[in-house]
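Hi everyone, thanks for coming. Let me walk you through the strands of this one and how they pair up.

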Amino acid sequence: MKVNELLIVGCGGQARFVLNLANKSEYKVYGLIDLDKKFNKSEVIMGVPVVGCLSNINKQFKEVCNNLCIAIGDNSSRKKEYLLLKEMGFNFPNLIHPSAVIDPTSIIGLGNVIGPNVVIGAEVKIGDNNIINSCAVIEHQSEIGSHNHISLSTIVCGNVIIGNNTFLGANSTVVETIIIPDNTTLGAGGTLLSSPSKSGLTMVGTPAKENK
């Protein structure tokens, strides 16, 4: 087993994003894992072959390549597979684009995907299995839980607390000291000026209000 080889779980659009990061990292992509048992064995994505399916990953690949990155955009699906595969004993390195600016006082967990031109400020804490997409900004002392998707050019101001399984749409903004409960969705371009009253809400607009 080569310690710098990586399997990518997923073959959709998120896989293309992850492949771009992996190609600029210390890891060499061994292959892609399809979620579907009926995968196309001859499929090649960005020069990387689809080598197997998720249902057989433990039996076929555990002793060959122990590093995984989950390329699934949907939070619930990504969380489910992350927890299952972690229990199997796979490793989840962070994939971070070299153009990302990450303050050395920040703390970052496992299995995070951090895209080009992301800025992570001082004393930020980030959990596991998050997608932080291109050009997003997470400012000082904010705390991000696990299994979140922070989309393109999102701005999270200082001292914000974000729970788990949240989705922040492209070009959205969260002002300082906001607390975002689990399972919240903030629509694209929305501006969150006050903390949502409970978990599971979808917030849209500027200022963002509950989408009933």
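Let's begin with strand 17 (residues 161–162) and strand 20, which pair in the parallel sense over 2 bridges. Two strands count as paired here if DSSP finds at least two bridges between them. Helices (H or I, at least four residues) and strands (E, at least two) are DSSP runs, numbered from the N terminus. Within this pair, Ile161 stands opposite Ile179 in strand 20.

Before I go on, please keep in mind that this is a predicted model, where local features need pLDDT of at least 70, side-chain atom pairs count only at pLDDT 80 or more, and totals for chains, interfaces and linings use all residues. Residues are numbered from 1 along each chain as its sequence is written, and side-chain values use heavy atoms, with hydrogens and water left out.

Zooming out, 5 strands make an open sheet in the order 8-11-14-17-20, with parallel pairing. At its edges are strand 8 (107–108) and strand 20 (179–180), each pairing on one side only.

Strand 1 (residues 5–9) runs parallel to strand 2, joined by 5 bridges, and Ile8 sits opposite Leu32 in strand 2. Between them the chain passes through helix 1 (residues 13–22), a right-handed β-α-β crossover: with the strands pointing away from the viewer, the path from the first strand over the helix to the second runs clockwise.

Strand 2 also runs parallel to strand 4 (residues 48–53), through 3 bridges, and Leu32 stands opposite Val50 there.
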